[in-house]
Amino acid sequence: MEKLRIVFVAMVAFLLVLEGVHGICNVSNDGLMECKPCIQNDNPTDGPTKACCAALQDADFKCLCKYKDSYMLKTMDINSTRAMELPQLCNIPNAPVSCKSGKRGTPIN
C-alpha cells in the first residue's frame with residue numbers, strides 16, 4: 001500500500017511539473033518564477049516585483065486556491081501564507097481575500 005501511495009504522489013508531482021511548463025491557472029511559468037523570491041520560505045524578498053504583479057493580473061484565483069495546501073508548495077519552498085498575500089500586495093481588484101481550507105478550496109471575496 002505504501003508503494004502505491006508513493007507512485008501516486010510521484011505521478012501527481014509529474015503532472016504538476018508538466019502543467020507548470022506552460023504555467024498554471026493563467027499564470028505563465030515565467031510569471032510564477034517572478035513571484036517566487038517574495039513567497040519562498042528561505043530569505044524571502046520584501047515584496048513582489050512589478051513583473052510578479054503583472055503576471056497575476058489575469059490569474060484564475062479559484063484555480064490557484066486548489067494548490068494552497070498542496071504538498072508541492074512545500075517541496076518547492078513556497079510559503080502559502082505569503083502567496084495568499086500577493087493579490088493584496090499587488091493591488092489586484094476583486095482578488096479573493098482567502099481560500100476555503102482544503103485542496104478544493106475556492107476564493108472568498
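Student: Are C35 and C52 buried or exposed?

Tutor: In this predicted model, both C35 and C52 are buried. Buried stands for a relative accessible area under 20%.

Student: What makes C35 and C52 a disulfide?

Tutor: Their sulfur atoms are 2.0 Å apart. The cut-off is 2.5 Å, so the pair counts as a disulfide. C35 is in helix α2 and C52 in helix α3 (residues 50-56), 17 residues apart, and the bond links distant parts of the chain.

Student: Why is the disulfide of C35 and C52 called right-handed?

Tutor: The torsion about its S-S bond is about 105°, so the disulfide is right-handed.

Student: What is the handedness of the disulfide between C53 and C90?

Tutor: The torsion about the S-S bond of C53 and C90 is about -75°, so this disulfide is left-handed. It links distant parts of the chain: C53 belongs to helix α3, C90 to the loop between α6 and β1, and they are 37 residues apart. The sulfur atoms of C53 and C90 are 2.0 Å apart.

Student: Why are C53 and C90 called buried?

Tutor: The relative accessible area is 14% for C53 and 8% for C90. Buried means under 20%, so C53 qualifies and so does C90.

Student: What does the disulfide of C65 and C99 tie together?

Tutor: The sulfur atoms of C65 and C99 are 1.8 Å apart, and the link is left-handed, with -70° about the S-S bond. C65 lies in helix α4 and C99 in strand β1, so the pair ties together parts 34 residues apart in sequence. C65 is buried at 2% relative accessible area, and C99 is buried at 8%.

Student: How many disulfides are there, and what is the pairing?

Tutor: The count is four disulfides. With the bonded cysteines of the protein chain numbered in sequence order, the pairing is 1-5, 2-3, 4-7, 6-8.

Student: How do the axes of α2 and α6 meet?

Tutor: The axes of helix α2 (residues 29-39) and helix α6 (residues 80-89) come within 9 Å and cross at roughly 115°. The crossing is right-handed. C35, C38 and I39 of α2 make the contact with R82, A83 and L86 of α6. By class, these are five nonpolar, no polar and one charged residues.

Student: Why is D69 called partly exposed?

Tutor: Its relative accessibility is 32%. That value falls between the limits of 20% and 50%, so D69 counts as partly exposed. D69 is in the loop between α4 (61-65) and α5 (71-75).

Note on methods
Residues are numbered from 1 along each chain as its sequence is written. This is a predicted model: local features need pLDDT of at least 70, side-chain atom pairs count only at pLDDT 80 or more; totals for chains, interfaces and linings use all residues. Side-chain values use heavy atoms; hydrogens and water are left out. Helices (H or I, at least four residues) and strands (E, at least two) are DSSP runs, numbered from the N terminus. Buried means under 20% relative accessible area, exposed over 50%, partly exposed in between (1.4 Å probe, protein chains only). Axes are lines fitted to C-alpha atoms, for helices over the stretch in contact, and angles run from 0 to 180 degrees between N-to-C directions. A crossing is left-handed if the near helix is turned anticlockwise from the far one by less than a right angle, and right-handed if clockwise. Contact means heavy atoms within 4.5 Å. Ala, Val, Leu, Ile, Met, Phe, Trp, Tyr, Cys and Pro count as nonpolar, Asp, Glu, Lys and Arg as charged, and the others, Gly among them, as polar.
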